[in-house]
Amino acid sequence: MVKATTRTAKTKAKARQAGPCTSETMAAFGEAAECLRALAHPVRLRMVQLLLRGRYTVGELAQDCGIPDNVASENLRLMQRCGFLNSEREGRRVYYRVAEPHLKSIMACVEGRFLSGRR
């Protein structure tokens with residue numbers, strides 16, 4: 001019983017260090033969850049992986065991912081709405097690039113956990 005009580009006390013102490021759970025905190029977690037859902041697709045993860053290395057057009061990303069341009073465009077729009085990407089037009093081409101610097105850390109975590117040793 002002592003061990004269970006000690007664990008519970010430690011858990012409560014950690015929760016107090018994180019601060020109280022407010023409606024603003026829950027709203028922020030809701031926004032985070034929505035944006036993480038935008039990344040939760042193999043094609044979108046691959047697009048982010050590529051875009052962390054430079055800028056690409058819809059056609060270039062679509063070709064690499066083996067999907068039609070319109071599907072690639074919709075995936076890019078979804079990530080752009082979350083603020084993960086920016087686009088810039090040069091003539092008839094639209095180039096996408098990463099706008100959220102924290103994507104690098106997220107992708108490093110994903111690659112380290114799921115792609116290590118598979119390259």
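A residue counts as buried under 20% relative accessible area, exposed over 50% and partly exposed in between (1.4 Å probe, protein chains only). At 28% relative accessibility, R46 therefore counts as partly exposed. This is a predicted model, in which local features need pLDDT of at least 70 and side-chain atom pairs count only at pLDDT 80 or more, while totals for chains, interfaces and linings use all residues. Residues are numbered from 1 along each chain as its sequence is written, and side-chain values use heavy atoms, with hydrogens and water left out.

**Overall layout**
- The protein chain has six helices and three strands, taken as DSSP runs numbered from the N terminus (helices H or I, at least four residues; strands E, at least two).
- From the N terminus on, their order is α-α-α-β-α-α-β-β-α.
- Of the 119 residues in the protein chain, 24% are buried.

**The nonpolar core**
- The largest nonpolar core has 20 residues, and M47, I67, L76, M79, F84 and L85 touch the most other members; such a core is a set of buried Ala, Val, Leu, Ile, Met, Phe, Trp, Tyr and Cys residues joined through side-chain atoms within 4.5 Å.
- Helices α2 (23–39), α3 (42–51), α4 (58–65), α5 (69–81) and α6 (103–115) each supply at least two residues of this core, and α3 gives the most, with five.
- Beyond its neighbours within four places in sequence, M47 is in contact with residues including L61, C65, I67 and M79, where contact means heavy atoms within 4.5 Å.

**The sheet**
- Three strands form an open, antiparallel sheet in the order β1-β3-β2; two strands pair if DSSP finds at least two bridges between them.
- β1 (56–57) and β2 (85–90) stand at the edges with a single partner strand each, so one side of each has no neighbour in the sheet.
- Two bridges join β1 to β3 (residues 93–98), and T57 has Y95 as its bridge partner in β3.

**Salt bridges**
- The whole structure holds six salt bridges, each a side-chain nitrogen of Lys or Arg within 4 Å of a carboxyl oxygen of Asp or Glu.
- D64 and R46 meet in one of them (2.8 Å, N to O); D64 lies in helix α4 and R46 in helix α3, so the pair ties together parts 18 residues apart in sequence.
- R55 forms a salt bridge with E88, their closest N and O atoms being 2.8 Å apart, and another with E90 (2.7 Å, N to O).
- The latter pair links E90 in strand β2 to R55 in the loop between α3 and β1, 35 residues apart.
- R55, E88, E90 and R97 are linked in a network of salt bridges.
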